Amino acid sequence: MIFRKPILFSIVLITSALTAQEIKPAKQVDGEMPLFEVENPDFQTSPYTGMTKKHWEDAARYLLAGAFSYIDDLDDPMKFPKLPGKSYPQDISRVPTEKLEGLVRTLFVAAPLLKKEPDLTLNGIKVAEYYQHQLPKLANPDSEAYIKPRGNGGPSQNLVEYGALAISLFISPETLWDPLSQEDKDALAASMLSYGDGPTVPSNWKFFNIFVLSFFDAQGYEVNKPLLEEYLQKSLDHYRGQGWYNDNPAYDYYSMWAFQVYGPMWASVYGDTHYPEIAKAFKTNFQDLVYHYPYMFSEDGEMIMWGRSISYRIGSISPFPFTGTLQDDTINFGWLRRISSGTLLQFLQNPDFLLDRIPTLGFYGHFEPAVQVYSARGSVFWMGKAFLGLLVPDDNPFWTATENLGPWDTTFEKDKVYNKFQAASNILITDYPNIGASEIRAWCHEKKADDWQGFRSSENYNKLSYNSAFPWQADGEQGEISMNYVFKNAKNEWEPWRLYTFKSYENGVYRRDAVLETNEQVTMQLADIPLPNGILRVDKQTSKVPVEMRLGHYALPKIEGKEVKHYIQKSGSTAALVLDNGEYQLAMLPLQGWENAEFVSASGLNPISEESTTINVSATFSPQAETNIYATLMLWKKSGEDFTEAELMPVTKLSAKNGKIEVLMSDSELYTINFD
């Protein structure tokens, strides 16, 4: 087949298509959807969730039905009600891309369903027919859905969405590509290749070019093979080890719902045939994650709120079904499916997850501090990549193995803590059997002044740690802080740590240095020691100037109308501040250095509830102070049972010796902290 060069459309036609757009409310749909239910659960195969592959299909159909409730005829766009705040579109020029996102991202949910059920009908609309009708409009300059070819422009959101579309075309060509006329195919190829055969962003974005180029090469079109090979190699260069790719510069879920999904999928649909060595490398890297990444999920399979684009949520589990394609008898498929189904239910059965029948921009309900400017309402369907796992055959061990709790049942013991250090990425994953929670400490080193999109330096990354039981809380302007330090800066503002430098992980102690962005004379050396019931912090102040500072525990939201109780409990000569929201308790004990401790209430800062409470300690540090060590116990347990004195005071002795800090625990364990 001969590749036809893109048709040059007149500026008049392009302008007319643009002016036909407007930012207007999406079609209104009456009523909300009921919570997702697992109908006829199979507790023999899945004793914890009742979910089998059929229920995953039900979940996919449930989410897609919400989207199609906005489609009354084939010309209706996948455009949903905009939420207030920073999400786009903010101007008319972005409306075509908004519609494109809704179209191709819902395809992540639809394409695997269409593979099995090509006649799928929702809201009276044949799903395959809808996409077959919509796709040619992307290359038609007379259509409101028209996407202008790239021309000489740089990488844009259109590249992302066209890359996503290429993935779906690979998945279900018989329902999405083959039915198109040759004229429509050529026009769509020209439009998509104008982006795929072009510049990209030095991150996971290279895969969008890769999939566009690969799909059209597979269809017989002329493509830029040298560019394809360059982007493939550069994508492999992002790999660091233990399953983690670096997304330049961050570590986050993009390693998993991007690199670790795109790489193996590209290998199976194209790479095995055309580039077998590169395909093998992606699959080898994929296998590494099996022995590390699952530990990031709680005992119940809940994911941690961490990193940007958190509204994609269940996309975090998207690699797990594809582990069934690995020839590895050591993989515990029952545990991986238990995690995956648990994450699905974490959101699908949360009453705040859907609004207007569409997932919110947030973690559960809409949560503006976690939203990025590149997201539109339809962006959330990126989570649909979880359902790409439906492509794994019914008889695959991922679907047939009996659900189990993995190490939570076979290895982990109560009253112990388990750390899994990722040496290649400096990530520490910690599991806490006493409350069934998981926790992560990872990269953050981004100046707010350089963070033009406003997320890499934010709470999405800059917390000291992130825990599955305690979703991160945004910082308050009055110094309300959760799981981080804040310092009073020259503008009289409370400024958090953002610039961390990893130092070491040895004998249960995770070490970082930190410097304040606006004043490099404000510095600390930080040491985290995970304990069975919380965290011991032993931090050394190394600032060269006086500074006011605060440190916060995790936060507890107000849930089910219950007040968050707070009280003070004595433990020997030390007083613990304790919170209880009916689900969890938090306790904070200042051991050394701190001057004050207080309960801090907040409004509008927590992703779970409008009202929340945390515990803060504070002090004013001077370089001339007698001590520069600030030691703090940050503890937790489930509600319903008081903290014992032994739980509140697991530290027997904290002392300086030969330039090192030694911490003797009540169980006789000794931690040595070497601040260099």
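Reply: E413 is partly exposed, with a relative accessible area of 41%. K416 is also partly exposed, with a relative accessible area of 41%. (Buried means under 20% relative accessible area, exposed over 50%, and partly exposed in between, with a 1.4 Å probe and protein chains only.) The side chains of E413 and K416 meet in a salt bridge, at 3.3 Å from N to O. (A salt bridge is a side-chain nitrogen of Lys or Arg within 4 Å of a carboxyl oxygen of Asp or Glu.)

This is a predicted model, in which local features need pLDDT of at least 70 and side-chain atom pairs count only at pLDDT 80 or more, while totals for chains, interfaces and linings use all residues. Residues are numbered from 1 along each chain as its sequence is written, and side-chain values use heavy atoms, with hydrogens and water left out.

A search of the whole structure gives 35 salt bridges. Now take R537. R537 is buried, at 0% relative accessibility. One of its partners is D528, with the closest N and O atoms 2.8 Å apart. D528 is buried, again at 0%. R537 also meets D539 in a salt bridge, at 2.9 Å from N to O. D539 counts as buried too, with 0% relative accessibility. These residues belong to one network: salt bridges with shared partners join E439, R441, R512, D528, R537 and D539.

Next, the sheet. Strands of a sheet pair through backbone hydrogen bonds, either parallel or antiparallel. Here three strands form an open sheet, in the order β24-β25-β26, and the pairing is antiparallel. (Strands are DSSP runs of E, at least two residues long, numbered from the N terminus; two strands pair if DSSP finds at least two bridges between them.) β24 (651-657) and β26 (670-673) stand at the edges. Each has a single partner strand, so one side of each is left without a neighbour in the sheet. Neighbouring strands are turned by 15° against each other on average, direction ignored. (Axes are lines fitted to C-alpha atoms, and angles run from 0 to 180 degrees between N-to-C directions.)

Look at β25, residues 660-665. Four bridges join β25 to β26, and the two run antiparallel. Within β26, Y671 stands opposite V663.
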